[in-house]
Each structure stands twice: as C-alpha cells, then as structure tokens.
Amino acid sequence: MVGEPQDDCLFCKIAAGQIPADVVRETETTLAFRDISPQAPTHVLVIPKVHHRDAASLAAAEPAIAAELLREAGQVAGEEKLESYRIVFNTGSGAGQTVFHAHAHVMGGRGMQWPPG
Ligand code: 5GP
Ligand code: ZN
C-alpha cells in the first residue's frame, strides 16, 4: 500500500532504525542523514519516514510532509553554514535515481556547475 514501509527499501529500513545512519536532524515525519558516498563537502539526504517512490509522488499524496522535507533541507543548509547549496531530487533511473524512496540531496561546500550532468 502506498506510504506503507516496503520490506525491500533501504530508506524505509534507515527510517525505522534497522540500518544505521549518521543522522543530523529528525522530525516526526522526516529524517536527515549524511550520504554514505558524499559528492560534496556537505551531502545530506532528507527523506520522509513514509514510503513514496519519488518526490512528486510524495507531494501529490502528502503535501504537508513534502513541505516539511523542503523546510528541513533548508534547516540542514543553515546548520551546515552553507551560503549556497543545491537541493536535488533525482527522479527515475535515467536521471540517476537509485533508491526509490523519495529523498532530497542537500549538497554544498564547493563550487557547482550549471547545467548539471
Ligand atoms: P539517488 O541516486 O537515488 O538520487 O540517491 C541515493 C543516495 O543514497 C546516493 O547518493 C547514495 O550514495 C546514498 N546511499 C546509498 N546507500 C546508502 C546507505 O546505506 N546509507 C547512506 N547514508 N546513504 C546511502
Ligand atoms: Zn521506502
């Protein structure tokens, strides 16, 4: 069922505390933790605790949680003292999504190119 924990989902397991993560922030509905393979000096993932396959699906089903996720991304950037940063939602394997549980990448601490690759 949509929103229910998925047995085969890595981020559902992290949200449930079944797999450890370097957590930087937590709210009732979201969790922020450091990416295991950082691509920038700051690289934090912000996830909803409920399972949705991507950010747009989350926003359609649970707009309040989607807003909370974005607010938390901003809080992470503030705590990491990032003046500039990027929030990325890879959506679909062709765009680089590898974990099909919605998540924001909050990345900063280095220069960034536009457009991204
Ligand atoms: P995606 O490629 O789906 O946009 O992002 C998935 C992210 O999850 C990748 O940046 C990857 O490094 C990160 N990741 C994969 N497995 C783990 C893990 O077990 N722990 C943490 N903290 N990050 C992970
Ligand atoms: Zn999940």
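## From one threonine outward

Tutor: Let's start at Thr27, which touches Lys49, Glu68 and Glu72 once residues up to four places away in sequence are set aside. Please keep in mind that this is a predicted model. Thr27 sits in the loop between strand E1 (23-26) and strand E2 (30-34). Is Thr27 buried or exposed? Its relative accessible area is 15%, so it falls under the 20% limit and counts as buried. Two polar contacts involve its side chain. One, of 2.7 Å, joins it to the side chain of Thr30, and another, of 3.2 Å, joins it to the side chain of Glu68.

Two names from this neighbourhood come back at Val46. Beyond its neighbours within four places in sequence, Val46 is in contact with a list of residues including Thr30 and Glu72, as well as Leu31, Ala32, Leu69, Ala73 and Val76. Further along the chain, Val46 also contacts Ala102, His103, Ala104 and Val106.

That leads us into the largest nonpolar core, which has 14 residues. Which of its residues touch the most other members? They are Ala32, Val46, Leu58, Leu69, Val76 and Val106. Strand E3 (42-48), helix H3 (63-79) and strand E5 (104-108) each supply at least two residues of this core, and H3 gives the most, with 6 residues. Apart from this core lies another, of 9 residues, with Cys9, Phe11, Leu31 and Phe33 among them.

Cys9 takes us on to the metal. The zinc ion (ligand 2) has Cys9 (SG), Cys12 (SG), His51 (ND1) and His101 (ND1) as its protein donors, at 2.1 to 2.3 Å. Why is the arrangement tetrahedral? The 4 donor atoms subtend angles of 106 to 115° around the zinc ion, and every angle between 85 and 135 degrees is what the tetrahedral label requires. Along the chain, the donor residues follow the spacing C-x2-C-x38-H-x49-H. Cys12 belongs to helix H1 (residues 10-15) and His51 to the loop between E3 and helix H2 (55-61), so this pair ties together parts that are 39 residues apart in sequence. Both Cys12 and His51 are buried.

Gly3 is found in the segment before H1, and beyond its neighbours within four places in sequence it is in contact with Val50, His51 and His52. At 16% relative accessible area, Gly3 is under 20% and therefore buried. Here we also meet Lys49 again, one of the residues that Thr27 touches: the C-alpha atoms of Gly3 and Lys49 are 8.9 Å apart, though 46 residues separate the two along the chain.

Now for the other ligand. Ligand 1 is surrounded by 16 residues, the closest being Asp35, Asn90, Gly96, Thr98 and His105. An N or O atom in the side chain of Asp35 lies 2.5 Å from an oxygen atom of ligand 1, while a polar side-chain atom of His105 is 2.8 Å from an oxygen atom of the ligand. The backbone takes part too, with an N or O atom of Ile36 at 3.2 Å from a nitrogen atom of ligand 1.

Asn90, one of those closest residues, is also a contact of Gln97, along with Arg53, Asp54, Thr91, Gly92 and His103, leaving aside neighbours within four places in sequence. Gln97 is in the loop between E4 and E5 and is buried, with a relative accessible area of 5%. Its side chain reaches the backbone nitrogen of Gly92 at 2.8 Å, and a polar atom of that side chain lies 3.1 Å from the backbone oxygen of Val99.

Two backbone details are worth a look before you go. Most residues other than glycine have a negative phi, and most peptide bonds are trans. Lys81, in the loop between H3 and strand E4 (85-88), has a positive phi of about 60°; at 71% relative accessibility, it counts as exposed. The peptide bond from Trp114 to Pro115 is cis, with omega near 0°, and Pro115 is in the segment after E5.

Terms used
Residues numbered from 1 in each chain as written. Chains lettered and ligands numbered in written order. Predicted model: local features only at pLDDT ≥ 70, side-chain atom pairs only at ≥ 80, totals over all residues. Heavy atoms only, no water. Core = buried A, V, L, I, M, F, W, Y, C linked by side-chain atoms within 4.5 Å. Buried < 20%, exposed > 50% of the residue type's maximum accessible area, 1.4 Å probe, protein only. Helix = DSSP H or I, 4+ residues; strand = E, 2+ residues; numbered from the N terminus. Contact = heavy atoms within 4.5 Å. Donors = N, O, S within 2.8 Å, 3.2 Å for Na, K, Ca; no water. Tetrahedral: all angles 85-135°; square planar, octahedral: opposite > 155°, others 65-115°. Near = heavy atom within 4 Å. Polar contact = N/O pair within 3.5 Å; in protein donor to acceptor, adjacent residues only side chain to side chain.
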